[in-house]
Amino acid sequence: MNLDDNAPSLKSEIGAALDYMLPELEAEPPETFWYYQARLKTNFKLIHNTNSEFYHDCLHVYNRITGMLKPDSGYFHRRYTLFPGGHASVGSVTVSYDSYKATGRSELGWPHLAPKGWKLVDLFPCITFNLRTSVLRIDGYIPLAPNDVILEFRALGLKSDTPEIRRQREMDAAVIWSPFGRKFHEDLLASSGRGIAVAKGSQPMYGLQAREEDATIHDEVGMRHHLAEWSGAWDEAPRIRTRPSASVRAPPGEDTMTVNRIEVEELVCGTCLRLDDKDWKGFLALCDEKFNYKVTAYAPEIRNDMTWLDRDRAEVEEFIGMLPKHNTHPNPLTRHAQVWKVKVAAYRAKVVSSLQIYRTALNGGATERFAVGKHYDTVALDGGQPRLLARHVELDTRDLDWGTHLPL
Ligand SMILES: [Fe+2]
């Protein structure tokens with residue numbers, strides 16, 4: 001249910017992030033059997049961070065005993081998979097519930113989930129789907145103030161549960177996830193502790209998220225991915241460059257990618273360098289097969305946008321191929337694109353760059369300003385390397401001298 005009829009579709013926002021858990025989620029209608037809250041004096045992003053990294057498992061004796069210390073559990077082979085938009089999933093593991101004496105779980109499972117399996121999906125900005133063997137927990141947070149948040153927890157079973165099965169699911173959930181469970185209060189402690197650690201007046205005021213372990217379970221790539229989305233998607237001002245996400249290998253059969261702002265920036269700047277060099281083939285090699293190129297400018301005199309060029313890939317190739325036959329200004333151009341904003345959604349990055357173009361005289365070497373404007377680029381992220389899918393050059397400069405055939 002969405003209260004806004006004009007909201008984009010859920011699929012367009014989360015892409016394939018939840019696909020990993022869809023077989024289990026769609027197997028049977030679920031039913032919520034627990035709902036409870038906790039109110040913490042911390043920032044809600046720090047709580048979501050706790051669900052986005054598992055080095056903190058070290059503080060859970062339950063997880064140490066049932067997973068970390070069991071070489072055959074596959075615990076250390078769990079991998080993060082990152083999705084555009086700040087979402088992430090964590091690979092499954094076989095939990096040795098019986099290792100924790102007297103609080104082990106039943107053999108009751110969940111349709112399509114491997115026996116004693118555990119899957120987790122974090123959706124940006126603050127929803128977590130946590131499926132542990134027989135119970136699905138869905139977390140969501142309601143920020144009230146920078147350091148005040150209500151946590152909402154829901155535990156779900158299946159609508160088809162008999163009273164006996166439902167009772168068993170509750171018992172399973174209670175082992176770790178009830179307010180009296182073995183792990184629940186430790187997570188609240190961790191989230192609150194992080195809030196205290198970085199609060200104003202605290203000495204450090206910074207969190208170091210530098211653990212890189214090839215995107216395996218103690219890598220902090222999930223947290224970095226979440227916070228990188230915050231710094232990119234919500235700031236209108238030029239963003240602070242964040243550390244790029246570690247490259248992530250996709251599990252077999254899973255459609256995934258790594259959002260890497262540096263690669264997107266290098267693509268935008270790379271197109272400028274190749275155009276500066278008149279390396280047309282090199283430029284086209286950076287463009288998608290469905291590339292579209294458009295140049296517009298606004299004319300206040302007529303209060304209208306002017307579309308000066310609008311071509312698909314084949315037309316651009318023809319356009320470039322004909323350049324030697326045209327009379328073009330001989331003085332070379334130098335394009336300077338400053339990437340301002342990268343917003344990722346559904347395997348596409350929308351990139352806004354300021355554009356300044358200079359022209360340097362072959363005779364004497366004097367440089368003049370040629371044009372200013374913006375690049376509005378669309379970058380395709382669903383392949384091995386980012387590719388330029390569309391470029392809209394919006395020029396502020398409307399007096400372009402003569403011989404302006406070159407792509408900008
Ligand atoms: Fe935890």
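Which residue stands opposite threonine 378 in E13? In this predicted model, for which local features need pLDDT of at least 70 and side-chain atom pairs count only at pLDDT 80 or more, totals for chains, interfaces and linings use all residues. Residues are numbered from 1 along each chain as its sequence is written.

**View 1. The pairing of strands E12 and E13.** The residue that stands opposite threonine 378 is alanine 390 in E13. Strand E12 (residues 367-380) and strand E13 (residues 387-395) run antiparallel and are joined by eight bridges; strands are DSSP runs of E with at least two residues, helices are runs of H or I with at least four residues, and both are numbered from the N terminus. Two strands are taken to pair if DSSP finds at least two bridges between them.

View 2. The six strands form an open sheet with mixed pairing, in the order E9-E8-E13-E12-E11-E10. Strand E9 (304-312) and strand E10 (333-345) stand at the edges with a single partner strand each, so one side of each has no neighbour in the sheet. From one strand to the next, the twist averages 20°, where axes are lines fitted to C-alpha atoms, for helices over the stretch in contact, and angles run from 0 to 180 degrees between N-to-C directions. Helix H8 (residues 261-276) packs on this sheet, touching E10, strand E11 (348-360), E12 and E13, and its direction makes about 155° with that of E10; residues are in contact if their C-beta atoms, placed from the backbone, lie within 7 Å.

View 3. Seven strands form an open sheet in the order E1-E7-E6-E5-E4-E3-E2, and the pairing is antiparallel. The edge strands, each pairing on one side only, are strand E1 (30-40) and E2, and the twist averages 15° from one strand to the next. Between E6 and E7 the antiparallel pairing extends over nine bridges, and alanine 145 stands opposite aspartate 148 in E7. H5 packs on the sheet and touches E1, E6 and E7, its direction making about 25° with that of E1.

**View 4. The largest nonpolar core.** Of the 44 residues in this core, Val121 and Leu131 touch the most other members; a nonpolar core is a set of buried Ala, Val, Leu, Ile, Met, Phe, Trp, Tyr and Cys residues joined through C-beta atoms within 7 Å. A residue is buried if 20 or more other C-beta atoms lie within 10 Å of its own, exposed if 12 or fewer, and partly exposed in between, with C-beta atoms placed from the backbone. Among the elements that give two or more residues to the core are helix H3 (44-52), strand E4 (118-123), strand E5 (127-132) and helix H5 (163-176), while E7 gives the most, with five residues. Not counting residues up to four places away in sequence, leucine 131 touches Met21, Glu24, Trp110, Leu113, Trp118, Lys119 and Leu136. Another core, of 28 residues, lies apart from it and includes Val264, Cys272, Ala337 and Val342.

**View 5. The contact between the two domains.** The domain assignment, which is automatic or from a database, gives domain 1 (10-233) and domain 2 (261-395). Seven residues of domain 1 are in contact with eight residues of domain 2. Helix H1 (10-14) and helix H7 (221-233) each supply at least two residues of the side of domain 1 that touches domain 2.

Technical notes:
Two residues are in contact if their C-beta atoms, placed from the backbone, lie within 7 Å.
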